[in-house]
Each structure stands twice: as C-alpha cells, then as structure tokens.
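Subject: The structure for you to look at

Hello,

Here is the structure I promised to pass on to you. Please open it next to this email and follow along as you read.

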Amino acid sequence: MSTASPDDLSLLVAILPESLRRALEALPAQDLLELVMDLGRPPEARFPERTTRLSAEPVDQAQLDHVVSRVGVFGGDNRAGIERTLHRISAIRNRQGRIVGLTLRAGRAVLGTVEALRDLVESGLNILLLGRPGVGKTTKLREVARVLADELDKRVIVIDTSNEIGGDGDIPHPGIGASRRMQVPHPDRQHAVMIEAVENHMPEAIIVDEIGTVAEAAASRTIAERGVQLVATAHGNTLENLVMNPTLSDVVGGVHTVTLSDEEARRRGTPKTISERRSLPTFDIVVEMVSWDEVVVHRDTAAAVDRLLAGRDLGGERRRIGEDGSLKVEELAPSPAPERPVPAPEAPPAPRRGPARIHFHALSRDLGERVIRELRLDARIVDKPESADLVLVLKARAGDPRIRRVAEKSGVRIYPVKRNGSSPIRRALQDVFQLVQGLDEEEVRDAVEEAEHAIRRVMAEGIEISLSPRRPSLRRLQHRMVTRYALDAESVGSEPARHLVIHPG
C-alpha cells in the first residue's frame, strides 16, 4: 500500500510554531496520527503505539493563535483544514468561545485499503462501516469513493460534512478520484444535503461519513429506496451497539417489542414478550472494522440482527490482509437455532409455598408496594429479576437484554405494563393473581381451583369437561386460565345456568 506524499505531512508541520516544528521533524513521523496542543499543558505527538511530548514547556496562547491564523475558517463543528490536504484541525473552546485547545489530525489517502471489501463494493449493495475512532473508517470510505468512480466508472457524490473525506478548500483532494464532492454548510444540515444530492445530481452511489441522527437515518433510507448505492459510516463499534442505539437502530431494521400468545410462545420456545426486527434494514451489509487490516463482515444484515435478537452468535466473515498483501477469509459460523420439539401441553404448575416474589423493572417499587397492600396479596417485592416468580416490566423496556436472559434461563413470567402508574399495575396484578373485584374471595378461589382441576384432566385424558355455572366475571376469569394452556373453551346455556365447557386443544 502507498500513502499520501510526504509533502502532505509537511504542510501540516509547516503551520506549527517553530519550536514544535523542529521537535516533530526530529521524529520518524510517517505514522503520525495527531498532534495535541492544550493551553497550559505540554504539546504531544500521538502515534499508533506511543505518545511523545514535543516540549517540556506548556502550550501558551500565542502558539495556539499561531496555528489558528494559518488554517481555514472553523465551521459549526469546530473543524478547519489546510486547503488541498486531508489534515483536520479541531478546536476546543472555553465558555467565551476562545480557542484553548487544538487537535491536529494527520490525514492520508491510503491506496489499497479497500481490497478486503472490494467484492462488497462491486456488488452495488448498501454498506455500513462501524468501528472505533482512529481505526480507519474515513480512509476506507475515501478509497471506496475512488474505486467506485475511477475503476467502476460510476457517478459518485461524496457528502463531506467536515471536509474530512475530500479535504479542505473548494477543490477536492485527488484521493476521492473522479467523485464529486458536496460540502455541508453546518453539521445539522447533512441529511438535507444527502437528499439534495439524490434529487439534483443523479448519482449512482453516495458516500456519507458519520450518520448520527434520526434525520440522517431517515435520509439514508430514502436514498436506499431510490435505488442509489449508499456506503456510509456510523457511530458504534459493533452491530450489537447499533441495534441497541435507539437513534440509529432503524438503519439495520429497528427493534420493537412483541407479545406472543401462549400457544405461539410455546411453539417458538421463547418467552411471551420478545424483541423482533421491525422492518428491512437500510444497509444490506454491515462491516465491523477491528483494525486497519482486519474486518468482520455481516453479508446479510437482516439475518444477523434476527440472530442477535434471538440471543445467538452473529457469525459472519473475518477478513484479514496479510503482510504479503493477500486476503485471508475465515468463516465465523453462527450458533444453530435452538431445536423446537412439538410442544406438549403442560398441566398448571403446583402453587409455590410462601408469598409470591415480584420484581418491578422500570416501574415504581413504591406504587407496587401500595397496590400489593391494597389488594391484600400474599406477595413481596424482590430486588433482582433472577429471584422473582413474576417480573412486571414497563412495556417499552420489555426487550431489555437482562430481562430476556432471565426469562429464557428460568422461565419466569414476564408481564408487560403499558405505563408506570398505580392503575395499570393494579390491573396487571389482578390479572396475574386472578382477582375479581366485588366478589367473595372464597367464591373466586373455588372457581379458580375448579378450572385448574378441569384443565389438568382435559390435558391428561383428552376429554371435554363442563364447569359449574358461574357469574360472567368468573367465567371470564376461567376462560383466561384455559387459553393459557392452548385449550378451547366456550360458554353454553342460559343465565343463571350458563357455564364454561373446556375442549382439548
């Protein structure tokens, strides 16, 4: 691989105060990452494996002003550059807006960095690059733009929010090849420029760095739906980070919580409340950048997200560029889907001795304690879901990984509650504990015990059983109990002799 010419780096060194310039020129700077100048602290040069002080003397305001006067204008993102180069100068300001710190990042166009992804780029599919800062996402993005424009002869538009892809100034750096570059006047306008590029300039491919807002995620989906190839980077190290990010999860299909029927939950072998992918992903392929020479590729984003939400290993391909420049591909096999035998109905479990243990997740414990007292339940609240017989969870948080793991491991019942209030919590506990307001407690207990006994017989013997005549409220209670075990029930007869008949499922 070849890098940018030494003259590019010399232009960055040239804007430094003379004492720092001499100190840096004495170092082997070909792998320099960035220079850091903070007011009142010694200046530093940062390399991939080390950090070196350029002076024992702290940086003063005159040195900061010297650098600022030799670079372009700082934009709304507090970034500036040096014209026709890829170097980036970022400012730290005090509360009055005065610059008190600078990060001077060395930018390089590195040819050949796209070789590990060339087949993906040539496929025409939408690709999302993930990785920590400094791992080379923007460098790869720049090379993707050049390959698409120069080698594949496509009409390419680069959306360059901070001039980091195409460099500072009105004429873009040759590192992006024949790609056209659209600059963004302010970071919060990036999504608008993305849409403008599609509507005004007829691109076949669009390159975007750092998708980070809901508006940019929506613009990405709009571009993908118009048949334009989209290659972008996003905040996050791994696909799992992105799925759990509510702002950006839409680009990989989004996540929502689904409550299954008892029968469907048994068929799938999952808890009743699960998280599922909401829609098709914007990006067909996700690439996790591990290092400059190593990536993990998920060729089918939808399938990878589904495996993640099911608690399985993602799989994928690990690709490495060897020292000799050869590409080595290792298949990462996903964990197999759990076997799902044909479910056999189970009889209602025998009641556990002692008070029921309830955990409130993302719900008020104080409200829960008050409702338990008011309903006179034989129950107590526990701090950990792992110790509970029942978990009441705010519906919006029902997909939390910890709750999913507890449900899968111990089979504890998860009961979602729509909102955090005493009335929803009361209704949930009345349903769980089979309470019917306004009726004698002994009458309710008798109806419940009769239904439980009948359910066991129907499931064991495969016969239908008629229950005793009950009030409508008690019949509804018995009917809910029956449906939990995949059995059928119907009300027959006329009042006051109307009663429930349980049929085998």
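Below I go through what was found, starting with how the model was treated.

This is a predicted model, in which local features need pLDDT of at least 70 and side-chain atom pairs count only at pLDDT 80 or more, while totals for chains, interfaces and linings use all residues. Residues are numbered from 1 along each chain as its sequence is written, and side-chain values use heavy atoms, with hydrogens and water left out.

A word on labels: helices (H or I, at least four residues) and strands (E, at least two) are DSSP runs, numbered from the N terminus. Two strands count as paired if DSSP finds at least two bridges between them.

An open sheet is formed by nine strands, in the order E9-E8-E10-E11-E7-E14-E15-E16-E17, with mixed pairing. Strand E9 (180-183) and strand E17 (327-332) each have a single partner strand, so one side of each is left without a neighbour in the sheet. On average, neighbouring strands here are turned by 20° against each other, direction ignored. For such angles, axes are lines fitted to C-alpha atoms (for helices over the stretch in contact), and angles run from 0 to 180 degrees between N-to-C directions.

Strand E7 pairs with E11 in the parallel sense over four bridges, and leucine 128 has alanine 232 in E11 as its bridge partner. Four bridges also join E7 to strand E14 (residues 285-291), again running parallel; here isoleucine 127 is partnered by isoleucine 285. By contrast, strand E15 (residues 294-298) and strand E16 (residues 316-321) pair in the antiparallel sense over four bridges. One of the bridges there links valine 297 to glutamate 317 in E16.

In a regular strand the side chains alternate between the two faces of the sheet. You can see this in E7: Ile127 and Leu129 point one way, Leu128 and Leu130 point the other way, and all are buried. Buried means under 20% relative accessible area, exposed means over 50%, and partly exposed is in between (1.4 Å probe, protein chains only).

**The cores**

A nonpolar core is a set of buried Ala, Val, Leu, Ile, Met, Phe, Trp, Tyr and Cys residues joined through side-chain atoms within 4.5 Å. The largest one has 33 residues, and among those that touch the most other members are Leu128, Ile159 and Ile206. Elements that each supply at least two residues of this core include strand E7 (127-130), strand E8 (156-160) and helix H6 (190-201). Another core, of 27 residues, lies apart from it and includes Met37 and Phe47.

Which residues does isoleucine 206 touch? Not counting residues up to four places away in sequence, they include Ile157, Met194, Ile223 and Val231. Contact means heavy atoms within 4.5 Å.

**Helix H7**

Helix H7 (residues 214-225) lies across strand E10 (205-211) and strand E11 (229-234), running at about 165° to E10. At 1.5 Å a residue, its twelve residues should span 16 Å, and the end C-alpha atoms are 17 Å apart, which agrees. The expected span is 1.5 Å times one less than the number of residues. The buried residues of H7 are Glu216, Ala217, Ala219, Ser220, Arg221 and Ile223, and what covers them includes H6, E10 and E11. Just after H7, glycine 227 takes a positive phi of about 80°.

**The four-stranded sheet**

Four strands form an open sheet in the order E19-E18-E20-E21, with parallel pairing. Its edge strands are strand E19 (379-381) and E21, each pairing on one side only. The twist averages 30° from one strand to the next.

Is glutamate 164 buried or exposed? Glutamate 164 is buried, with a relative accessible area of 10%, and sits in the loop between E8 and E9.

Serine 69, in the loop between helix H3 (61-68) and strand E4 (79-81), is exposed, with a relative accessible area of 52%. Its side chain makes a polar contact with the side chain of arginine 70 (3.0 Å). A polar contact is a pair of N or O atoms within 3.5 Å; within protein, one must be able to donate a hydrogen and the other to accept it, and residues adjacent in sequence count only if both atoms are side-chain atoms.

Enjoy exploring!
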